[in-house]
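Please look through the sequence and the three-dimensional view before reading on. The report is meant for someone meeting this structure for the first time.

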Amino acid sequence: MLLNVELEKAIENALDQDAEELRRVLKEEKVPDVTVERVGDSLRIRTATQEAKNTTEKTLKDQFPILTYEGAPKAKEGEISVTFDEREKRRIREYALAQSL
């Protein structure tokens, strides 16, 4: 059970890193009023305008292909919800497992 918790923590840590990188990229692209936070094993992204949401979605598609809408919690109005695709989750778990042995 402890190992399972560590494997899930590895996914959360990787999402935290991607959240930080997404914030950096959106700031460079001068996308205003975007909030990115990790909620469990997904990222919740809030935008103030439809234009900011469109730009954020394009950035996710172009620069963060391992993040997917599939399997993420249903997004509310003005939000985007993404999580790692299953292949990436498996890769992170395998890496964390190898590191723990």
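The sections below describe a predicted model, moving from the sheet to a helix and then to a single residue.

Four strands form an open sheet in the order 1-2-4-3, and their pairing is antiparallel. Strand 1 (34–39) and strand 3 (67–68) stand at the edges with a single partner strand each, so one side of each has no neighbour in the sheet. Strand 3 pairs with strand 4 in the antiparallel sense over two bridges, and leucine 67 stands opposite phenylalanine 84 in strand 4.

## The helix on the sheet

Helix 2 (residues 50–63) packs on the sheet, where it touches strand 1, strand 2 (42–47), strand 3 and strand 4, and its direction makes about 10° with that of strand 4. At 1.5 Å a residue, the 14 residues of helix 2 should span 20 Å, and this agrees with its end C-alpha atoms, which are 20 Å apart.

Within helix 2, the residues Ala52, Lys53, Thr56, Thr59 and Leu60 are buried. These residues cover an arc of only 125° around the axis, which puts them on the same side of helix 2, whereas Glu51, Lys58 and Lys61 are exposed on the other side.

## Threonine 83

Threonine 83 lies in strand 4 (residues 79–84) and is buried, with a relative accessible area of 1%. A polar atom of the threonine 83 side chain lies 2.5 Å from the backbone oxygen of aspartate 41. Leaving aside neighbours within four places in sequence, threonine 83 is in contact with several residues, including Asp41, Ser42, Ile66, Leu67 and Lys89.

Note on methods: Residues are numbered from 1 along each chain as its sequence is written. This is a predicted model: local features need pLDDT of at least 70, side-chain atom pairs count only at pLDDT 80 or more; totals for chains, interfaces and linings use all residues. Side-chain values use heavy atoms; hydrogens and water are left out. Buried means under 20% relative accessible area, exposed over 50%, partly exposed in between (1.4 Å probe, protein chains only). A polar contact is a pair of N or O atoms within 3.5 Å; within protein, one must be able to donate a hydrogen and the other to accept it, and residues adjacent in sequence count only if both atoms are side-chain atoms. Contact means heavy atoms within 4.5 Å. Two strands pair if DSSP finds at least two bridges between them. Axes are lines fitted to C-alpha atoms, for helices over the stretch in contact, and angles run from 0 to 180 degrees between N-to-C directions. The expected span of a helix is 1.5 Å times one less than its number of residues. The arc is that of the directions from the helix axis to the C-beta atoms.
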